[in-house]
Amino acid sequence: MQKDYQNVQKWSVSSRIFHWISAALLLVTWLLMLAYGYNESKVFLGLHKAFGISVLFWMIARVINRLFTKAPPPLPMPKIQVLISQLTHFLLYALLIAMPIAGLLMSVYGGRPVDMFGLFEIPVFVTPNRTAARFYNDVHADILWPMIIVFTLAHIGAAFFHQWIKKDKLIDRMK
Ligand code: HEM
Ligand code: HEM
């Protein structure tokens, strides 16, 4: 197999924009929860929810974009590595969709509507139920969040491994 790392085959412009804005939204949503941890102001929690729902909307648009744009062919690497990267990408998509849905369900089952930056409100569309609220809280905090940490760190670790150790310009494809 010829290893041609000179001609970088980039992801489409839309995929690159979707990628970096998703990462930024995730970071902000997490930082707001950290801020809420230090100072239990409802402002931080409210913004955490609004940014979290923004992740959901953004990811729905991203899935549609992904279905209609072509991914560049993978860099030359063993098949198993390609498979692992595709599986990780798929899981990251699924997690970034499931996480805000769990957050939303936790809130509405807790009887709380979600204010979207004062622009509109997501109403309580279920019958409030403490057991269900607690269940989605556990899913949000104890199942999905640790999974997001593990797969995101693996993803970023792999990207830097390619960039610095294999020097195959992988990150340039997403820049
Ligand atoms: C990608 C989107 C989201 C991420 C990454 C995220 C992340 C987190 C994290 C890390 C925590 C702390 C978990 C812990 O206690 O260890 C948390 C808690 C929480 N999140 Fe989210 N979240 C997201 C979306 C949402 C959404 C959309 C809502 C509601 C509409 C929401 C509502 C909450 C609530 C109510 C808590 C519990 C706060 C407390 O302890 O009182 N989250 N979230
Ligand atoms: C420093 C942070 C990050 C770097 C350097 C990075 C780098 C990359 C690169 C180079 C690719 C393309 C891989 C290829 O061509 O095979 C990629 C794809 C991808 N990344 Fe990241 N990434 C970062 C953060 C994140 C975060 C935080 C997430 C979400 C949690 C994420 C989710 C994805 C997904 C889902 C893909 C697949 C592309 C698609 O199908 O849209 N990345 N990333």
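How far is a nitrogen atom of ligand 1 from an N or O atom in the side chain of H140? In this predicted model, where local features need pLDDT of at least 70, side-chain atom pairs count only at pLDDT 80 or more and totals for chains, interfaces and linings use all residues, the distance is 2.8 Å. Residues are numbered from 1 along each chain as its sequence is written, chains are lettered from A and ligands numbered from 1 in the order in which they are written, and side-chain values use heavy atoms, with hydrogens and water left out.

H48 also takes part, with a polar side-chain atom 2.8 Å from a nitrogen atom of ligand 1. Around ligand 1 there are 19 residues, the closest being M33, H48, G103, H140 and W145, where a surrounding residue has a heavy atom within 4 Å of the ligand. By class, this shell holds 12 nonpolar residues, six polar and one charged, and α3 (79–109) gives the most to the shell, with six residues.

Ligand 1 sits in the second largest pocket, in the sense that more than half of its atoms lie within 2 Å of the pocket's grid points. A pocket is an open set of points on a 1 Å grid over the protein atoms alone, where a 1.4 Å probe fits, with protein on both sides within 12 Å along at least five of seven lines, and its lining residues have an atom within 4 Å of a point. This second largest pocket holds about 920 Å³ of space; of its 36 lining residues, M33, L45, H48, K49 and H140 are the closest to its centre.

How values were computed:
A polar contact is a pair of N or O atoms within 3.5 Å; within protein, one must be able to donate a hydrogen and the other to accept it, and residues adjacent in sequence count only if both atoms are side-chain atoms. Helices (H or I, at least four residues) and strands (E, at least two) are DSSP runs, numbered from the N terminus. Ala, Val, Leu, Ile, Met, Phe, Trp, Tyr, Cys and Pro count as nonpolar, Asp, Glu, Lys and Arg as charged, and the others, Gly among them, as polar. Grid points are joined across faces, edges and corners, and a volume is the space filled by probe spheres set on the points.
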